[in-house]
Amino acid sequence: AAGAATIPGLSDFTVNPDGSITFVFDSVKKDYVNADGLSFTGGGLSFDATGTNAGKAAPVIQDYPPHGGLGVDKGVDGDNLGVGEILKLTFNKTVDILGFTVNDGHKDAATGILTGYTEKGGGSAFASDWDGVLGNGEDAANGALCGASSDFCGVTMFSLGSKSFTGYLESITVSVPSAVPLPAGSLLLISGMGGLAALRRRRKA
């Protein structure tokens, strides 16, 4: 079960003016590492970060700065997120992924190919490739992932896999979608149906 064996990581988080939440992972003063992953909470949202290396479970590390962040430990590239590794974030609520930043293993700029996967309603699917990330790791959509592709909207999981990238996940920005209000006509219909049901019960009595 999600969170069953994780331990808490430490994240600065900011609730932005638009209601979205940014989690920053490179603000720790020591390394946090756990074989079963790390958990994070902020702004009414929580998620688990777990890792795999060549398809097998691997420790997740929150690496000490400067320009550290979340990586997969004990792999071919040490504690970075490297080739053949996947870092998976599983949320306790449905979220929209708005953007993320990565770095090149303690260097601000980042290069290489990252692959993103998302999950909706039980099955994960390929979402996007980023071939050479831009300055400070912002993706080509300039952070507005959900705005650019519905693959990043209404998801319960977001993962990053490396094809040729070596570095850390430095931050992620998400929002919790608002419940879609029912149209006024639907509310009247529901109210009317409830009234008819009550009338039937009275007649039977």
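Tutor: Residues are numbered from 1 along each chain as its sequence is written. As the model is predicted, local features need pLDDT of at least 70, side-chain atom pairs count only at pLDDT 80 or more, and totals for chains, interfaces and linings use all residues, while side-chain values use heavy atoms, with hydrogens and water left out.

Student: Why is D73 called buried?

Tutor: Buried means under 20% relative accessible area, exposed means over 50%, and partly exposed is in between (1.4 Å probe, protein chains only). D73 has a relative accessible area of 14%, so D73 counts as buried.

Student: Where is D73, and what does D73 touch?

Tutor: D73 is in the loop between β9 (69-72) and β10 (85-103). Strands here are DSSP runs of E, at least two residues, and helices are runs of H or I, at least four, numbered from the N terminus. Not counting residues up to four places away in sequence, D73 touches V33, A58, P59, I61, G78 and D79; contact means heavy atoms within 4.5 Å.

Student: What makes β5 and β6 a pair?

Tutor: Two strands pair if DSSP finds at least two bridges between them. Five bridges join β5 to β6, so they pair, and they run antiparallel. T41 stands opposite S46 in β6. The two strands form a hairpin with two residues between them, and G43 in the turn has a positive phi of about 60°.

Student: What makes a set of residues a nonpolar core?

Tutor: A nonpolar core is a set of buried Ala, Val, Leu, Ile, Met, Phe, Trp, Tyr and Cys residues joined through side-chain atoms within 4.5 Å. The largest one here has 33 residues, of which I97, F100 and F158 touch the most other members. β10 gives the most to this core, with seven residues.

Student: Why should helix α2 be read with care?

Tutor: pLDDT is the predictor's confidence in each residue, from 0 to 100. Confidence is lowest in helix α2 (residues 184-204), at a mean of 51, and highest in β6, at 94. Over residues 186-190 the pLDDT is below 50. Where pLDDT is low, the predicted coordinates should not be read in detail.
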